[in-house]
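Hi,

Here is the structure I promised to pass on.

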Amino acid sequence: MVAIVAFLQKSQNQAKVPKKERNFLFHVDLDCFFAAVEIREQPSLKGLPIIVGGDKESKRGVVTTCTYEARRFGVHSGMSIVDALKLCPESICLPRGNYLLYREVSDSVMSILSTYTDEFRCASIDEAYLNLTKIINKEFNGNPIPIAEEIKKEIFEIEGITCSIGIGSNTTIAKMATSQNKPNGITYIPKEHIKEFLKPLPVRRISGIGPKSAERLQKNHGVETIGQIMKLETEYEMIRKYGSLGKFFYRIISGEGRTKLKTNDYYGAQSISKGRTFYGYLEDGEPITAEKLLPKLIDQVHERLTKKSFRFKTVTLEIKLQNSFKNINKSRSFLAANDDKERINSTVFELLEEFRNTHKDEPIRKVAVRVSNFGKKDSNQKSITDFFSEK
Ligand code: TTP
Ligand code: MG
């Protein structure tokens, strides 16, 4: 069940702000990302306090992230394992992060997100901004919730992990909104509710105010919440009291901020991939095989490729072996960038045959299809379809 924060109720009254002024900036952040991937790989860990990044025996290491079950005890990122285990001794520590897998899941999520809009920016391994202003005003009658739900559903269906989404009239408010309702939440702050939203929040929730600045504000001015800063009304008063920070605060409180994102020709992840772990599933009573699964994965990769008008030069077949968990990647590159599904299909099956020749009956745990090395279509080069459709 996805929680949607209360501001939505109030947002029904949208008449006060003329429609053309409404911007919809989304901030999407994956929930306890590294831990969520580990749980997806090992579902028996679900519901437990999991820490990624340390060793319980030697008590060495630092918490890179932990599940919300561990956070309830006060465990957080950056904390030493010694301190974390004092707070939550029953935590399960996963000693080393599987960075290649995290990167693969991140690439796939970015690839999903980038299909929603050209105005997309990948901000870190597990967060991105999207400007969905046009589509929400045009096709969703100014209601951003259905598209936020669709994004969450798609990420969950494809990668099996949850995210939280913040929506605001600029990127700063969108990011602050995301943390309001984590994990698995959607928070929409309409422009006319910015002040009401900010008022009770601690100043450190403002992106750019680190623990040191927050401590200084507390010590020098007794300021803990944004509401205390809002008591001053003009920019002049805020600058006089808080110096250069005053200008920054005034902008945020007045709802000023980034409302547009640079259009991405090629999104940050630079690849589109779709994979599936077998987990011993059956289909029509028969065990799933790579041969049966690959055409579906190729369809999905090609669908995303055409949606974005991308053209690839490299096709990769990724195979994880059941017994050793070893990853085998086989790629083939082409001189010209193209978007031909049959090219992906024939290449993937050639690569699978190569794999079968060298690995005989070795059981497979996972297969994935990836297209990458994107390039623009050569304007002089016609696709076969263009050629035949020419009169
Ligand atoms: P975050 O998005 O900050 O944290 P999170 O996704 O684990 O939890 P949530 O968003 O639900 O609050 O960081 C994303 C990943 O980056 C995180 O899973 C692990 C990694 N990371 C580190 O390796 N070291 C760190 O200090 C932090 C903060 C994150
Ligand atoms: Mg996160």
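Cys 32 sits in the loop between E2 and H2; helices (H or I, at least four residues) and strands (E, at least two) are DSSP runs, numbered from the N terminus. Though not a glycine, Cys 32 has a positive phi of about 30°. For background, most residues other than glycine have a negative phi, and most peptide bonds are trans. There's a cis bond here too, from Lys 182 to Pro 183, with omega near -5°. Pro 183 belongs to the loop between helix H8 (171–180) and strand E9 (185–188).

Before going on, some housekeeping: this is a predicted model, where local features need pLDDT of at least 70 and side-chain atom pairs count only at pLDDT 80 or more, while totals for chains, interfaces and linings use all residues. Residues are numbered from 1 along each chain as its sequence is written, chains are lettered from A and ligands numbered from 1 in the order in which they are written, and side-chain values use heavy atoms, with hydrogens and water left out.

Now for ligand 1. It has 13 residues around it, the closest being Cys 32, Thr 65, Tyr 68, Arg 71 and Asp 126 (a residue is near if one of its heavy atoms lies within 4 Å). Strand E2 (25–30), helix H2 (33–41), strand E4 (60–66) and helix H3 (68–71) each give the shell at least two residues. Domain 1 (7–33 + 100–192) and domain 2 (42–96) each contribute at least three; the bounds come from an automatic or database domain assignment.

Which side chains make polar contacts with ligand 1? Polar side-chain atoms of Thr 65 and Tyr 68 each lie 2.5 Å from an oxygen atom of ligand 1, and one of Asp 126 lies 2.8 Å from a ligand oxygen (a polar contact being a pair of N or O atoms within 3.5 Å). Alone, ligand 1 exposes 560 Å², and the protein buries 67% of that (Shrake-Rupley method, 1.4 Å probe).

Lastly, the magnesium ion (ligand 2): its protein donors are Asp 29 (OD), Leu 30 (O) and Asp 126 (OD), 2.0 to 2.2 Å away. Donors are N, O and S atoms within 2.8 Å of the metal (3.2 Å for Na, K and Ca), and water is not among the atoms, so sites may look incomplete. Asp 29 in strand E2 and Asp 126, in the loop between strand E6 (120–124) and strand E7 (127–131), are 97 residues apart and link distant parts of the chain.

Cheers

Notes: Polar contact = N/O pair within 3.5 Å; in protein donor to acceptor, adjacent residues only side chain to side chain.
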